[in-house]
Amino acid sequence: MSESINRVVLAYSGGLDTSVILKWLQQTYGCEVVTFTADLGQGEELEPARAKAQLLGIKPEHIFIEDLREEFVADYVFPMMRANALYEGQYLLGTSIARPLIAKKQIEIARKVGADAVSHGATGKGNDQVRFELGYYALAPDIRIIAPWREWTLTSREALIAFAEAHQIPVSKDKRGESPFSTDANLLHTSSEGKVLEDPWEEVPDYVYSRTESPEDAPNEAEYITVDFEKGDAVAVNGDPQSPATLLATLNEMGRRHGIGRLDLVENRFVGMKSRGMYETPGGTILHLAHRGIEQITLDRGAAHLKDELAVKYAGLLYNGFWFSPEREMLQAAIDHSQAKVSGTVRLKLYKGSASVVGRKSPNSLYSAGIVTFEDDAGAYDQRDAAGFIKLNALRLRLLGRRDGR
């Protein structure tokens, strides 16, 4: 190769793709490989990744496995939830929000071990290549990046398996044969795409769902829960204070039982194509709705409406990989400022695929029953004031009407 690479840090899951990448990096670049495996709550045992890396010749001191669940939720998921970010009005950004943290840790490890390059297993068709690499460049402007899917000739699952077998890389039984779909998982969500999901007219088969019960099979009795907030962040469920990661896991289990958080979406990828994916975000869906519920009574109208406008921009930046950009940080500062009084309790009803806010209270509530009541308000609000308010707002419309002969 034209580039001389001494040592590379690989985002490594231990699966087929990244195991093949590990060996390919050794062969193609003649470099030393350092592996990094992040525990983001994907629900898989990660120690086998260590054993597999050692089997492929990685030094024990160059195998990094880190439990990042609390950091992931506290420093990435929660700030995003404060923004009420939804990409294209629906997607809770479960994959997008994990990439900046992985990129950050890879760069930290690269500095620690003196690596001159980093590598990932994202394909040249998707968004993740952009997210990883924008993160790398933001944190280490001169880092070299190796993206095997943009370089090698292994363009099919069969080719990957053949490469693995030729180089004594263990291949699990579930990787052989036709793969029905691919998945990505972390504590916030599970996403599935490809193969059986590539026809957007066909309903998602039941076997694709792994994170939620079918709403039809969910309990016939509704479950009522409460979520407590302090300055925009959830801190307790049903009155039980919990750490960020534990709280999200608790909501995940509640959402799972009731079939909450399923989304079938055809989205616009940053690279320009449309893709169809199925997302399961049980706890995140509950958390998003609860947060909006507490904001309903604690945010002023002007701040709330401006925040809704900012949320669209924020979601787009996050989806496209600009977590470490100055504009995302500027938006975050404004959003976080808005959360100073967003504290209180929200009550939700969970039932057969839906989560509904049914109650909210806060010591910082702006809701005034004395003013809004349809009963006698004892002079709290003078309805005669509305006449002047309406006339002033109508002035330009009246002038237009006179001019245009409406």
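Predicted model: local features only at pLDDT ≥ 70, side-chain atom pairs only at ≥ 80, totals over all residues.
These are my notebook entries on a few things I looked up in this structure.

Entry 1: I then looked up how the protein is divided, and found domain 1 (7-78 + 93-175), domain 2 (182-298 + 341-361) and domain 3 (373-405). The C-alpha centres of domain 2 and domain 3 lie 42 Å apart.

Entry 2: I checked the record next. In an unreviewed entry, UniProt places "domain: Arginosuccinate synthase C-terminal" at residues 181-398. I looked at that span in the model: 37% of residues 181-398 is helix and 24% is strand.

**Entry 3: a sheet.** Which order do the strands of the open sheet have? I read it as S10-S9-S8-S13-S14, which makes 5 strands with antiparallel pairing. Strand S10 (240-241) and strand S14 (354-361) are the edge strands, and each pairs on one side only. A reminder to myself: strands of a sheet pair through backbone hydrogen bonds. I then followed S13 (residues 344-351), which is joined to S14 by 7 bridges, with the two running antiparallel.

Entry 4: I turned to the second largest pocket, with a volume of about 160 Å³. What kinds of residues line this pocket? I noted 4 nonpolar, 1 polar and 5 charged. Among the lining residues are Glu203, Asp206, Glu216, Arg262 and Asp264. Val204, Tyr209, Pro215 and Leu263 also belong to the lining, and so does Ser214.

Methods. Residues numbered from 1 in each chain as written. Heavy atoms only, no water. UniProt positions renumbered as here; feature names shortened; annotations may be inferred. Helix = DSSP H or I, 4+ residues; strand = E, 2+ residues; numbered from the N terminus. Pairing = 2+ DSSP bridges. 1 Å grid on protein atoms, 1.4 Å probe; cavity = no way out; pocket = protein on both sides within 12 Å on 5 of 7 lines; lining within 4 Å. Points joined across faces, edges and corners; volume = space filled by probe spheres on them. Nonpolar A, V, L, I, M, F, W, Y, C, P; charged D, E, K, R; others polar. Domains from an automatic or database assignment.
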